[in-house]
Amino acid sequence: MDHIKAVIFDLDNTILNRTMTFDGFARSLIKTYFAHLESTEDILQRIIELDEDGYKNKPLLFNELLNELPWAEHPPHAELMEFYGREYVRSSVLMEQAREVVQHLRGKYQTGLITNGQTDIQYGKIDQLGIREDYDHIIVSEEAGVKKPDPRIFQLALDHFGLRPEQCIYIGDHPVNDIEGAASVGMSTIWIKVNQPWQDSITSGPLHTIEHLSELKKLL
């Protein structure tokens, strides 16, 4: 790995434990709006299911929740969107050993973060976790005007660092958005297996597959 100069990460379910974060948000939503119910476990599971691991458009998600869940009184859609923006960020949880691993790698490499999502939400989570200073450069898709797997968002990182693709390695959990996207500009990749299954149609395989960030200490 002597040729690698920068290690670039995805955020959700790579650095941030998106599964636990959304679970915390969903529980906060239930505590606030469904206190009139004796049992809410089915509602919790349905909220998580409809969210589609974060890939469901949020205005659409809350339209579905408003139509489907047994509200005592239906709140305005805008109120729920505001609640989401506040409580989802507050619920942020890091992946196990995420800061330790990144700070270890910073001793040898430049570090970056490329994440799809709304600017205020993504930076909100980053700041809630106190990790902004762990990265030399952060790119959020809404702010950048382009999203993964579009190769242009990865090229923005290369341009910032002034590096060639083969000098960077990208780490993420989504086979298409992260692994195929980064490979499309020539970056090597490491796939962290979380919730997203590998797709047989993808031809750009990762250099390594891991299940825990701590494995990076040996690989890099």
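**Close-ups of a predicted model**

**View 1. Lys-147 and its neighbours.** Leaving aside residues up to four places away in sequence, Lys-147 touches Asn-116, Ser-141 and Ile-153 (contact means heavy atoms within 4.5 Å). Lys-147 sits in the loop between α7 and α8; helices here are DSSP runs of H or I with at least four residues, strands are E runs of at least two, and both are numbered from the N terminus. With a relative accessible area of 52%, Lys-147 is exposed (buried is under 20%, exposed over 50% and partly exposed in between, using a 1.4 Å probe and protein chains only). Gln-110 is 37 residues from Lys-147 in sequence and 22 Å from it in space, C-alpha to C-alpha.

A quick word on the model. This is a predicted model, in which local features need pLDDT of at least 70 and side-chain atom pairs count only at pLDDT 80 or more, while totals for chains, interfaces and linings use all residues. Residues are numbered from 1 along each chain as its sequence is written, and side-chain values use heavy atoms, with hydrogens and water left out.

**View 2. The cis bond at Pro-149.** Going from Lys-148 to Pro-149, the peptide bond is cis, with omega near 10°. Pro-149 belongs to the loop between α7 (141–144) and α8 (151–161). For context, most peptide bonds are trans. Lys-148 also turns up in a salt-bridge network, together with Asp-10 and Asp-178 (a salt bridge is a side-chain nitrogen of Lys or Arg within 4 Å of a carboxyl oxygen of Asp or Glu).

**View 3. Two residues with positive phi.** Most residues other than glycine have a negative phi. Asn-13 is not a glycine, yet its phi is positive, about 60°. You'll find Asn-13 in the loop between β1 (6–9) and α1, buried with a relative accessible area of 2%. Glu-52 also has a positive phi, near 55°, and is found in the loop between α2 (41–51) and α3 (58–68). At 44% relative accessible area, Glu-52 is partly exposed.

**View 4. Helix α1 against helix α4.** Helices α1 (residues 18–33) and α4 (residues 77–90) pack at about 130°, with their axes 10 Å apart. That makes α1 oblique to α4. Axes are lines fitted to C-alpha atoms, for helices over the stretch in contact, and angles run from 0 to 180 degrees between N-to-C directions; under 35 degrees is roughly parallel, over 145 roughly antiparallel, 65 to 115 roughly perpendicular, and the rest oblique. The α1 and α4 crossing is right-handed (the near helix is turned clockwise from the far one by less than a right angle). Among the residues that meet are Phe-22, Phe-25 and Leu-29 in α1, and Leu-80, Phe-83 and Tyr-84 in α4. The residues of this contact divide into eight nonpolar, three polar and three charged.

View 5. The model's count comes to 18 salt bridges. Asp-12 and Lys-125 pair up at 2.7 Å, N to O. Asp-12 is in the loop between β1 and α1 and Lys-125 in helix α6 (residues 119–129), so the pair ties together parts 113 residues apart in sequence. Both partners, Asp-12 and Lys-125, are buried. Arg-18 bridges to Asp-51, with the closest N and O atoms 2.4 Å apart. Arg-18 is in helix α1 and Asp-51 in helix α2, 33 residues apart, and both are buried. Asp-51 also forms a salt bridge with Lys-58, the closest N and O atoms being 3.4 Å apart; Lys-58 is buried too.

Notes
Ala, Val, Leu, Ile, Met, Phe, Trp, Tyr, Cys and Pro count as nonpolar, Asp, Glu, Lys and Arg as charged, and the others, Gly among them, as polar.
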